[in-house]
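The exercises below are meant to be worked with the sequence and the coordinates open side by side.

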Amino acid sequence: MIEIFQTYTAEFMQGMGMTIFSSLLAFAGSIILGLVCALFEISPIKPLKIIGTVYVEIFRNIPLLVVTMFFYIVIPKYVMPMSGFSAGTIGLTIYTSAFFAEVIKAGINSVPTGQWEAARSNGMTYLQAMHHIVFPQAVRIIIPPLGNQTITLVKNSSVLAFVAGFDLMYQANQISSITFQQVPTYFIVGILYLIITMPLSYLMRHLENKLEV
Amino acid sequence: MDWFGAYSWINMRYLLQGLLVTIQVSVISIILSFIIGAVLGVVRYSKIKYVSAIVGFIIDLVRNLPLLLIIFFTYFGLPTFGIRLDIMVAAITALTVFESAMCAEIFRSGIKAVSPGQMEAARANGMTYVQAMFHVVFPQAMKLMIPPLLSQFVSLVKDTSLATIIVLPEMLYHAQNIYGQNTNYLIPIFVALAGMYWVVCFSLSLLAKFFDKRMSA
């Protein structure tokens with residue numbers, strides 16, 4: 001096992017870098033898209049509400065792999081060329097943003113309506129009330145489930161292996177097909193994934209306990 | 001794009017055969033991971049010396065690994081130890097291992113949410129720990145757990161698509177075969193594929209929402 005790690009350190013590290021990079025990009029994208037969708041979903045304007053709801057309900061109920069494959073196979077054929085990495089990351093962003101939107105929506109909805117009414121009756125506009133009054137209170141409720149979704153996002157980034165995204169999982173397949181040493185390779189990759197996800201998950205548990213009080 | 005050709009009966013039947021495999025694998029994994037998850041969740045909650053800590057550690061490990069890695073390991077890794085699984089069995093095993101760890105966490109937090117007075121009252125009335133857990137605490141926790149369990153099962157159904165990588169003949173794999181023959185079928189088949197997954201998962205989601213409303217009312 002140590003021998004394989006020493007021989008292929010560069011590949012493993014490149015894979016880990018790609019996994020982290022893709023997760024970070026998808027995280028940033030999902031936060032923005034998810035926030036927009038959540039605001040659409042709870043907005044009083046009917047068409048926006050419909051767009052937000054349809055988006056979330058579609059992408060929450062389709063496998064990530066189907067979304068990713070769509071960007072990897074269909075888009076290059078009809079729209080524009082796209083590398084495996086960008087197809088994977090875009091797919092991951094769109095899929096995860098639907099889950100983020102649900103979490104953010106639930107958080108905003110859990111703020112008592114009295115807060116809204118008080119803000120509005122003090123002369124704030126809808127956006128001001130959202131920005132200054134409701135959202136800051138919702139963040140406390142949003143953070144723990146958002147963290148769990150983020151861990152899922154990191155794990156889901158392994159679909160990049162399907163689309164030649166050069167992530168950790170892809171490198172694992174490459175190395176194990178060269179060396180025929182499946183078990184040690186998967187073991188190393190498993191540990192590398194745990195190095196990313198375990199601290200996140202303990203951080204989340206810590207935050208959850210802290211915010212509960 | 002050839003919509004009529006793509007939606008010919010032969011192609012649709014082939015895709016539906018894939019759906020059948022998807023559903024078979026999902027149902028078996030759901031039943032198994034429900035049972036195993038319940039046992040593991042109770043064990044982790046019960047604070048049995050050493051056992052609970054070890055079980056908890058294993059659950060945390062599995063929960064933090066990508067499912068894809070677990071699928072690879074069961075199919076390509078286990079033969080090294082002399083365990084050679086059929087594709088279908090390997091897919092079900094991998095899904096069950098991963099999802100029962102997820103379910104165990106749901107069970108544990110569900111049981112934790114039942115007020116400790118219930119357990120104490122049951123014990124004070126002469127029930128054993130197992131009896132009290134089974135007849136008093138568990139049924140109450142079940143109410144809280146149904147919505148998150150159902151949404152976990154939605155993601156299980158979606159995750160069966162990852163098993164294409166070990167050539168499980170499920171829906172995505174069959175779809176790839178169809179559009180591999182004729183690239184004009186690409187978009188129609190993707191639409192049909194996404195539509196079928198969507199119908200299955202959305203009905204489960206609706207069920208989850210229905211229970212969620214009934215529980216909170």
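**Exercise 1.** How many helices and how many strands does chain A have?

*Solution.* In this predicted model, counting the secondary-structure elements of chain A gives 9 helices and 0 strands. Reading along the sequence, one therefore writes the pattern as α-α-α-α-α-α-α-α-α. The C-alpha trace of chain A spans about 70 × 50 × 25 Å along its principal axes, and 41% of its 213 residues count as buried. Turning to contacts in chain A with a separation of 6 or more, one finds that 74% of them are accounted for by residues 24 or more positions apart.

**Exercise 2.** Determine how helix H2 (residues 9-42) of chain A is oriented against H8(A), and list the residues that make the contact.

*Solution.* Begin with the geometry: the two helices pack at an angle of about 155°, and their axes are 7 Å apart. Because angles over 145 degrees count as roughly antiparallel, H2(A) is roughly antiparallel to H8(A). Next, assign the residues: H2(A) contributes Glu11(A), Phe12(A), Gln14(A), Gly15(A), Met16(A) and Thr19(A), while H8(A) contributes Leu168(A), Tyr170(A), Gln171(A) and Ile175(A). Sorted by class, this contact has 5 nonpolar, 4 polar and 1 charged residues.

**Exercise 3.** Describe the side of chain A that touches chain B, by element and by residue class.

*Solution.* The contact takes 28 residues from chain A and 28 residues from chain B. On the side of chain A, the elements giving two or more residues are helices H3 (46-60), H4 (64-78), H7 (126-156), H8 (168-179) and H9 (182-212). H9(A) supplies the largest share, 10 residues. By class, this side of chain A divides into 18 nonpolar, 7 polar and 3 charged residues.

**Exercise 4.** Which helix of chain B has the lowest confidence, and which the highest?

*Solution.* Chain B averages a pLDDT of 90, with 99% of the residues scoring at least 70. Within chain B, confidence is lowest in helix H1 (residues 3-6), at a mean of 81, and highest in helix H5 (residues 87-113), at 93. For the complex, the predictor gives an ipTM of 0.88 and a pTM of 0.90.

How values were computed:
Residues numbered from 1 in each chain as written. Chains lettered and ligands numbered in written order. Predicted model: local features only at pLDDT ≥ 70, side-chain atom pairs only at ≥ 80, totals over all residues. Contact = placed C-beta atoms within 7 Å. Helix = DSSP H or I, 4+ residues; strand = E, 2+ residues; numbered from the N terminus. Nonpolar A, V, L, I, M, F, W, Y, C, P; charged D, E, K, R; others polar. pLDDT = per-residue confidence, 0-100. Buried ≥ 20, exposed ≤ 12 C-beta atoms within 10 Å, placed from the backbone. Axes fitted to C-alpha atoms, helices over the stretch in contact; angles between N-to-C directions. Parallel < 35°, antiparallel > 145°, perpendicular 65-115°, else oblique.
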